[in-house]
Amino acid sequence: MTDSDTPRTTFRRVMLKISGEALMGDMAYGLHPPTVERIAREVKVVHDLGVEICMVIGGGNIFRGLSGSAQGMERTTADYMGMLATVMNALAMQSALEKLGVFCRVISAIRMDEVAEPYIRRRAVRHLEKKRVCIFAAGTGNPYFTTDTAATLRANEMACEAILKGTKVDGIYDKDPVINPDAVRYDRISFDEVLAKHLKVMDASAIALARDNSLPIIVFSLDEPGGFRGILAGEGTYTTVHA
């Protein structure tokens with residue numbers, strides 16, 4: 001394939017943020033290996049286009065700190081348990097990507113040298129330059145911060161050009177489209193509007209951090225085959241949150 005035949009992409013380096021629930025498939029909890037493999041194939045297609053990819057995966061399919069806290073568990077302990085759940089998901093995704101021939105590194109904000117690298121920014125940037133996928137695990141390493149905030153923080157540190165948030169719906173709606181058939185999807189919306197209207201895109205601290213650094217967030221459906229690649233080619237259905 002010549003350079004002129006290679007599909008053009010909008011971004012050179014991106015952060016892909018997905019929830020832990022996205023890995024469950026049709027199960028009530030845990031990991032669904034065929035779903036993990038399907039998402040890994042989507043990542044490989046984009047990686048093969050030459051795009052440098054960072055990933056952050058939530059842990060809600062295994063344990064969610066807030067829900068543990070709500071059930072009486074001490075919040076800091078619950079949040080650390082949630083961080084460990086994200087490491088499990090990151091290792092599962094790493095295994096799926098490497099089966100497809102994509103070199104990958106799991107980088108943890110909590111030291112666990114036997115299973116993941118510690119987070120060192122310059123080393124992570126070098127991995128990206130060598131075309132390795134970097135999966136950032138264990139959130140920010142601090143309780144009270146969500147993986148949304150971790151994804152936005154790492155995206156800024158890695159000089160990503162956008163955050164792509166894969167969800168179960170094809171963008172941001174004025175109300176829940178699952179229970180409201182008349183919900184209206186936004187093509188573009190500002191960070192301030194997202195905050196003012198309390199739209200559940202990411203938590204407020206993540207939105208504010210992205211806004212302050214003019215880092216666009218693109219919300220798309222992870223269930224749409226080829227959706228990840230389509231966005232990078234300027235195709236498909238999605239919502240852009242902009243400054």
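Q: How much space lies in the largest pocket?
A: The structure is a predicted model. The residues closest to the centre of its largest pocket are S19, R64, D148, K165 and V201. The space in this pocket is about 1300 Å³.

Q: Which element gives the largest share of the lining of the largest pocket?
A: The lining has 45 residues, which divide into 16 nonpolar, 15 polar and 14 charged. Elements that give two or more residues to this lining are α1 (33-47), α2 (65-70), α3, α5 (147-157), β6 (162-167) and β7 (172-173). The largest share, five residues, comes from α3.

Q: Which residue of β10 stands opposite G166?
A: Strands of a sheet pair through backbone hydrogen bonds, either parallel or antiparallel. Strand β1 (residues 13-18) runs parallel to β6 and is joined to it by five bridges; here I18 has G166 as its bridge partner. Strand β10 (residues 217-221) also pairs with β6 in the parallel sense, over five bridges. In β10, the residue opposite G166 is F220.

Q: Which strands are the edge strands of the open sheet?
A: Nine strands form this sheet, with mixed pairing, in the order β4-β3-β5-β2-β1-β6-β10-β11-β9. At one end, strand β3 (residues 104-108) pairs with β4 in the parallel sense over two bridges, and S108 stands opposite P118. An edge strand pairs on one side only, and the two that do so are β4 (117-118) and β9 (188-190).

Q: How many residues does the largest nonpolar core have?
A: In soluble globular proteins, nonpolar side chains tend to be buried together. In this model, the residues with the most contacts inside the largest nonpolar core are M55, M93, L97, I135, L164 and F228. Helix α3 (residues 75-99) gives the largest share of this core, six residues. The core as a whole has 39 residues.

Q: How many residues does the other core have?
A: M55, in the largest core, touches residues including M15, L16, M93, L97 and I135. Apart from that core lies another, with V56, V125, M202 and I207 among its residues. The number of residues in this other core is 30.

How values were computed:
Residues are numbered from 1 along each chain as its sequence is written. This is a predicted model: local features need pLDDT of at least 70, side-chain atom pairs count only at pLDDT 80 or more; totals for chains, interfaces and linings use all residues. Side-chain values use heavy atoms; hydrogens and water are left out. A nonpolar core is a set of buried Ala, Val, Leu, Ile, Met, Phe, Trp, Tyr and Cys residues joined through side-chain atoms within 4.5 Å. Buried means under 20% relative accessible area, exposed over 50%, partly exposed in between (1.4 Å probe, protein chains only). Helices (H or I, at least four residues) and strands (E, at least two) are DSSP runs, numbered from the N terminus. Contact means heavy atoms within 4.5 Å. On a 1 Å grid over the protein atoms alone, a cavity is a set of points where a 1.4 Å probe fits but cannot get out, and a pocket is an open set with protein on both sides within 12 Å along at least five of seven lines; lining residues have an atom within 4 Å of a point. Grid points are joined across faces, edges and corners, and a volume is the space filled by probe spheres set on the points. Ala, Val, Leu, Ile, Met, Phe, Trp, Tyr, Cys and Pro count as nonpolar, Asp, Glu, Lys and Arg as charged, and the others, Gly among them, as polar. Two strands pair if DSSP finds at least two bridges between them. Lists of a residue's contacts leave out its neighbours within four places in sequence.
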